[in-house]
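Here is a brief report on side-chain contacts and helix packing. Please read it alongside the sequence and the model.

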Amino acid sequence: MRICVWLLLLVVAGAWGAEESIWFDAPASAFVQSLPLGNGRLGASVFGGVEEERIVLNEGTLWSGGPEDADKPDAAQHLPEIRRLLLEGKNAEAEKLVYEHFTCKGVGSNRARGRNVPFGSYQMLANLLLRVQHASGETKGYRRELDLRTALATVRYERGGVSYTREVFSSAPDEAIAIRLRASRKGAVTFDALLQREERGTVSADGSAGLRIEGQLHNGTDGSGMRYVARLRAMAKGGSVRVENGQLRVRDADEVLLLITAATDYMGFAGRRTADPLRASLADLERAAAKPYAGLREAQMADHQRYYGRASLTLGPANAAAAALPVPQRMRGQQPDPGLAALYFQFGRYLLICSSRPGGLPANLQGIWADTLDTPWNGDWHLNINVQMNYWPAEVGNLSELHEPLFALIASLQKPGAKTAKLYYNAGGWVAHVITNPWGFTAPGEGASWGSTTTGSAWLCQHLWDHYLFTGDRKFLEWAYPILKGSARFYADMLVEERSHGWLVTAPANSPENGFRMKDGKVAHVAMGPAIDMQLLRYLFDATMDASRILGVDESLRAELQKKRARLAPNRVGSDGRLMEWLEEYDEPEPKHRHISHLWGLYPGSEITVEETPELARAARASLERRGDLSTGWSLAHKINFWARLGDGNRALRLVNLLLAPQGSTRAEGVSFNGGSYDNLFCAHPPFQIDGNFGGAAGIAEMLLQSHNGVIRLLPALPDAWSEGRVTGLRARGGFSVDIAWKDGKLTEGWLVSSHGGKARVRYGSRVEEMDTAPGKRYRLLKGR
């Protein structure tokens, strides 16, 4: 019966079309051409080499470094002087003082080279190499493919009249990576398997048919960091298996199943918390080995499909010729290809399913995929947009449960963040600044020019409230409210009054990673009350007040927040018609800067809208025009969402096309730029950063459905080039699931299902429909249009 279900799933998957697979006609020559697989914890990146297969292995908790006290104990003593200098307009002098006394203790992230310091770095687990022996002859019919629907990577080719097939998947139910090697001729599967790691890894035999690699990473002090173990076992039909000279040798088999398990002794805020990785990895291996391949595959596919199958997207008109090409050639095509954007949307959802599961750590800057020991930017969680962008598609993309690892991270920052709040600001509540790691780092970064961003924790809290808006889950709100309250308490305590208008502002602060030129020509980064901070605090205070009303608690706190909210510096339009990023109209050293932080209130916030604040929306548009379109990959993704919120579908599509342009190409009107996508559709900052994948997926959804400020908007930013299509299973705030179909650029069908009932207000163009809904009932939208 189980095999029948498995085959049925395969048949259904095969009927879904070509827009849900990524394929190549050659092996990967670089990590950013590999096929990523994951179960939320165990990652595998498949290169597909013929003579030598390389599969990069990852374990989502494998970090160097360890807990540290990074707070300067006397920082708060210097805060009054820093603020005095800022109030007097002496930003450069204030910034110097911040560098000296208001950054973290120690080296912090070590300028993003944290492998051997306490901050640490996310690291690869190991390389699995398969050195394959074949019949002689030319390689023909090569195809390497990732099926997003079933989370299976397949490599096929023919050599010397023999057809070879490899299948690879990562299973959450069985906590294992499985690799099946087959050939069309009996006895033709022969290879040597090796586990390799650049440092801190010892390989040994693991029984008569397996290998084990184990080690201990550097904690940044005495070397006694995280311990890890990975195991490899071969189970062959026919032929022989033996371990010799640190290699697993398979000879003359008909078929071989390789199983890989891994564990660490990370005992932090999330993860499996396996204190004994030797025992945990062995237990996983024995359980997986007791099941037949069909049983492993069935469980893995069913688990993947319960997330992936919730939403679908078709964009047209179809370009059949483009869809038939390998993805790298498809990206370089010159004709419109709406299906590639649909593929990118589903790839974003796929990556979140593979890198973020309940109970695990959040997706980091590279999800769970890394091929080095020095992962760029330590593979950490940046709190000034990047980790937040990772989760932009979670709710709208119908993957709400996958948001939970981020919530666990947020909750874990309260205790260390309360200490940081007290030692730096003499404030209550809790705060986290720009960067964090599995060890609870909440101090400012080591550089004043970027590490003084004080609202990372406020931005994190937006995800808590937005999850409630999407789900209406009161139990979740009861859990999340103390976190919101603690964050609001911190900002209510740390605000200061600026002298020109009597506004309440944050100080010191950054507009993330951006600088401004003072009147004396000096470039500074430390400021008071940048626009993003004010927008975030209005959101946070509103969310905290609304939550307290719903739960019937903390009336006095509501009154305090209401008064302070009213005094926050407002959004303002500058003399050039742009939204002001700082309290003053400074000259910009980098007018094309990748961050567009002052438009937070446009997206992911919603205090700036075309309908309700048209002047501010025009100013936001002017700001985007000045910044320009070309930028890093994740910034392109951010701009998709901005233009979607402004209702400009054609401009949003231009950004989609730029994001899908091959990294380093000159496709953008003959202008070379570094952003875009790598051949396997990983987002290029460069280097690879996964936030752009997630932000791009969210932006495509935002072009088709928006639900902020109590209104569900159908096709609010539909570009002319997507003249027909269908999307199912998108989620809207209020607890609604929405299906939409259109043709010739006009809505043909819309359906809505409520998870818990309530009022729905739906808009398409100028038409608005209001309805009362019952839980689980399906409603046709805008009938008779």
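## Exposure and an exposed-side salt bridge

A residue counts as buried under 20% relative accessible area, as exposed over 50%, and as partly exposed in between. The model is predicted. Arginine 761 has a relative accessible area of 32%, so arginine 761 is partly exposed. Glutamate 770 reaches 59%, so glutamate 770 is exposed. The side chains of these two, arginine 761 and glutamate 770, meet in a salt bridge, at 2.9 Å from N to O.

## Other salt bridges

The count of salt bridges comes to 69. One of them pairs glutamate 52 with arginine 131, at 2.8 Å from N to O. This pair links distant parts of the chain. Glutamate 52 lies in strand β4 (residues 52-59), arginine 131 lies in strand β5 (residues 126-133), and the two are 79 residues apart. Glutamate 52 has a relative accessible area of 37%, so glutamate 52 is partly exposed. Arginine 131 is partly exposed because its relative accessible area is 33%.

Another salt bridge joins the side chains of arginine 306 and aspartate 303, at 3.2 Å from N to O. How are these two separated along helix α5? Arginine 306 and aspartate 303 are three residues apart in helix α5 (residues 293-308), so about one helical turn separates them. Arginine 306 is at 46% relative accessibility, so arginine 306 counts as partly exposed. Aspartate 303 is at 10%, so aspartate 303 counts as buried.

Some salt bridges share partners. Which residues do they join into one network? The members are Arg41, Glu59, Glu175, Arg272, Asp284 and Arg287.

## Aromatic pairs

The count of aromatic pairs comes to 28. Among them is the pair of tyrosine 424 and tyrosine 425. Their centres are 6.5 Å apart, and the planes stand at 40 degrees.

Phenylalanine 490 and tyrosine 491 form another aromatic pair. Here the distance is 4.8 Å centre to centre, with 75 degrees between the planes. This pair is edge-to-face. Phenylalanine 490 is buried, and tyrosine 491 is buried too.

## An aromatic cluster

Aromatic residues also gather into a cluster. Which residues form it? The cluster consists of Phe31, Phe347, Tyr350, Trp369, Phe682 and Phe688.

## Arginines over rings

Two arginines sit over aromatic rings, as described here. Arginine 143 lies over the face of tryptophan 23, at 3.9 Å from the ring centre. The charged end of arginine 144 sits over the ring of phenylalanine 24. The distance from the centre of the phenylalanine 24 ring is 4.2 Å.

## A helix pair

Helix α18 spans residues 614-627, and helix α19 spans residues 633-645. Their axes come within 11 Å and cross at roughly 150 degrees. Which way do the two run, parallel or antiparallel? That crossing angle makes α18 roughly antiparallel to α19, because angles over 145 degrees count as roughly antiparallel. The crossing of α18 and α19 is left-handed.

Technical notes: Residues numbered from 1 in each chain as written. Predicted model: local features only at pLDDT ≥ 70, side-chain atom pairs only at ≥ 80, totals over all residues. Heavy atoms only, no water. Phe/Tyr/Trp six-rings, centres within 6.5 Å; stacked < 30°, edge-to-face > 60°. Buried < 20%, exposed > 50% of the residue type's maximum accessible area, 1.4 Å probe, protein only. Lys NZ or Arg CZ within 6 Å of the ring centre and 35° of its normal. Salt bridge = Lys/Arg side-chain N within 4 Å of Asp/Glu carboxyl O. Helix = DSSP H or I, 4+ residues; strand = E, 2+ residues; numbered from the N terminus. Axes fitted to C-alpha atoms, helices over the stretch in contact; angles between N-to-C directions. Parallel < 35°, antiparallel > 145°, perpendicular 65-115°, else oblique. Left-handed = near helix turned anticlockwise from the far one by under 90°.
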